Amino acid sequence: MSFETALALVFAAASTTLTNVAYLREHDAAASLPVLCLRRPLHSVGILVHDRSWMLGFAMESTGFLLYAVALALASLALVQSITAGGIGVLAYVSARLAGRRLRGSELTGVILATVGLLALAVSLAGGSGGGGTGETGAIILWLAASAGGAALVLTLGRQAFGAAAAYGIAGGILFSIGDISTKIATQGGGRSLFIVPLIAGYALGTALLQIGYQAGGALSVAGLATLLTNALPIAAGTVILDEAVPHGAFGVLRVLAFAAVTAGAVLLARPEKSAPAGSPVPRELASAG
């Protein structure tokens with residue numbers, strides 16, 4: 001392992017720890033604020049930026065992103081994501097400790113499956129974790145556009161299927177994956193610096209959806225789903241559109257099984273928590289937020 005790769009792993013580990021602790025702080029702050037709504041973006045942003053606790057969480061998340069960007073400049077997208085994927089474990093442990101409770105059966109099973117799957121992804125990278133190529137710009141744009149369409153579809157149909165909290169977490173995670181992939185592309189410099197546009201859009205919209213989701217469900221359900229997708233999709237993108245090596249033999253089989261475990265974990269974490277009473281104003285606002 002080269003010095004640059006080792007340094008990238010250190011930055012990636014620091015990034016995921018800081019980012020997931022930030023998610024918990026943002027959740028606690030957003031849950032206590034007046035109802036946020038996508039149809040009133042400036043009003044909602046004003047509510048958030050005037051809350052000191054939320055701003056501290058956002059500052060932590062921003063610092064985590066800077067560390068992540070440095071890691072991406074030093075190593076492949078798939079390798080960095082395999083390290084940041086461990087954030088789901090940090091999120092689960094810290095959220096349970098802060099709430100003074102044990103993880104529910106479905107939460108615990110989902111976290112175990114997701115963590116095992118993501119660790120298996122990391123192991124599978126031993127069979128193909130080189131720096132990879134730069135990929136074709138057209139294929140990259142198509143992937144990002146399809147991801148944006150998927151997020152919109154989840155927002156349109158997912159709230160009825162999964163519940164508001166899970167839908168916002170899934171859509172937010174997909175949008176964050178757009179930001180992550182765009183970050184890797186933008187670090188290549190030259191004309192690809194223009195990918196800073198989807199980078200900003202992905203992170204901004206993803207952050208907005210997470211804050212709304214935090215008001216509908218727990219941090220693990222919302223941020224946990226976002227974390228899973230934020231890591232699994234870029235790892236897939238690294239193989240599909242950035243020419244990062246596909247492992248052969250046992251490592252290839254392991255990668256398939258790993259994605260299956262991550263998917264199963266996401267399904268379990270997507271189970272909606274007990275909703276608020278029928279007359280609660282929050283669900284009504286959330287139902288119309290998209």
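I take helices here to be DSSP runs of H or I with at least four residues, numbered from the N terminus, and I keep in mind that the model is predicted.

**Entry on Ala237.** I looked up Ala237 and found this residue in helix H10, which spans residues 219-240. Ala237 has a relative accessibility of 0% and so counts as buried, the cut-off being under 20%. Setting aside residues up to four places away in sequence, I noted that Ala237 touches Trp143, Ile181 and Leu242. I also recorded the pair Ala237 and Ala78, whose C-alpha atoms lie 8.2 Å apart in space although 159 residues separate them in sequence.

**Entry on Thr183.** I then turned to Thr183, which sits in helix H8, residues 164-186, and which is buried because its relative accessible area is 2%. Apart from neighbours within four places in sequence, Thr183 is in contact with Phe65, Tyr68, Ala69, Leu72, Leu199 and Tyr203.

**Entry on the largest pocket.** For the largest pocket I noted a volume of about 780 Å³. By residue class, I read the lining as 21 nonpolar, 14 polar and two charged.

Notes. Residues numbered from 1 in each chain as written. Predicted model: local features only at pLDDT ≥ 70, side-chain atom pairs only at ≥ 80, totals over all residues. Heavy atoms only, no water. Helix = DSSP H or I, 4+ residues; strand = E, 2+ residues; numbered from the N terminus. Buried < 20%, exposed > 50% of the residue type's maximum accessible area, 1.4 Å probe, protein only. Contact = heavy atoms within 4.5 Å. 1 Å grid on protein atoms, 1.4 Å probe; cavity = no way out; pocket = protein on both sides within 12 Å on 5 of 7 lines; lining within 4 Å. Points joined across faces, edges and corners; volume = space filled by probe spheres on them. Nonpolar A, V, L, I, M, F, W, Y, C, P; charged D, E, K, R; others polar.
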